[in-house]
Amino acid sequence: MPLAATGELVARAAARHGAVAAFNVITLEHIEAVVAAAETAGTPVILQVSENAVRFHGGRLAPLAAAAVRSAEPSTVPVALHLDHVKSGDLLRRAADCGFSSVMYDAAHLPYAENVAATRDAAAWAHAAGLWLEAELGEVGGKDGRGPLAAHAPGARTEPAEARRFVTETGVDALAVAIGSSHAMTSRDARLDHDLLGALHEALDVPLVLHGSSGVPDDELRRAVAGGITKVNIGTALNIAMTAAVRAHLAGDERTVDPRSYLAAGRRAVTEAAGRLLPTIAAARVG
Ligand code: G3H
Ligand code: ZN
């Protein structure tokens, strides 16, 4: 099936009061594993490539993007391609040529007025290029190896009235909100502020995105989707699964030299991890 558009997958998920999972992919094995998991689950999925992953590939976007496009095309379920946590204007401008239908432009670290100005420019450019643009207000902590923000630290929670103003002033298509999750958690014990999510859902008419979802346990994910989250970003959970499987495989056979043996184990573990999360995230709201 041809590549799907992120905006359409999110809109469809919103219409049935569910969400779409967006998995961060770093290697070809991540891509293959996530597509396989989505096919087995029978759910649409978003493959997302972060600016950090592009840096890992020597600043080149096209090779991994091409792998994602080529892996998505024969898929039996809709697959969209999203460029994630972009701070570089140059990288933003390369998205449209590589198969991406959407970008998350991340200026959340900037003071409000600067975030608005930078995001407004990014959204104007994206829309002219036919791309759907997600931005962030309030800051989901744990980025780039930094620790989680304390709950009452400035920006640690997205304020609904400010978020409403931000969406109007920037014209973004979706908003990543800070409601208690944090990036790169290796334990699944984050507790979300569901009252705040309710207020944000009430105040905004754009889809809401949950970042740092690896640390959010299933019951909290379900409540978040029921409460209005329509895109759920997951990265670390896949890497935990892949690394543990590779480590176990290598420890079990110290003579292995063929990378296919441990990469296959890692890929299988990613498929299983994504497969466990997909039904929870896709779930439609009950009642
Ligand atoms: O944008 C990517 C996500 O927010 C991933 O966060 O690695 O903590 O799951 P995570
Ligand atoms: Zn994120």
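I looked up the bridge partner of His82 in strand S4 of this predicted model and found Ser102. S3 and S4 (residues 102-105) pair in the parallel sense over three bridges; strands pair if DSSP finds at least two bridges between them. I then followed the chain from S3 through helix H5 (residues 89-94) to S4, a right-handed β-α-β crossover, meaning that, with the strands pointing away from the viewer, the path from the first strand over the helix to the second runs clockwise. Helices (H or I, at least four residues) and strands (E, at least two) are DSSP runs, numbered from the N terminus.

I next turned to S2. Six bridges join strand S2 (residues 45-50) to S3 in parallel, and Leu47 stands opposite Leu81. In S3 (residues 79-86), eight of eight residues are buried, that is, under 20% relative accessible area (1.4 Å probe, protein chains only).

I checked the zinc ion (ligand 2). Its protein donors (N, O and S atoms within 2.8 Å of the metal; 3.2 Å for Na, K and Ca) are His85 (NE2), His183 (NE2) and His211 (ND1), at 2.0 to 2.1 Å. I noted the spacing H-x97-H-x27-H. His183 lies in the loop between S6 (174-177) and H8 (194-203), and His211 in the loop between S7 (208-210) and H9 (218-226). Both His183 and His211 are buried.

Conventions: I count residues from 1 along each chain, with chains lettered from A and ligands numbered from 1 as written. Local features need pLDDT of at least 70, side-chain atom pairs 80 or more, while totals for chains, interfaces and linings use all residues, and side-chain values use heavy atoms, without hydrogens and water.

How values were computed:
Buried < 20%, exposed > 50% of the residue type's maximum accessible area, 1.4 Å probe, protein only.
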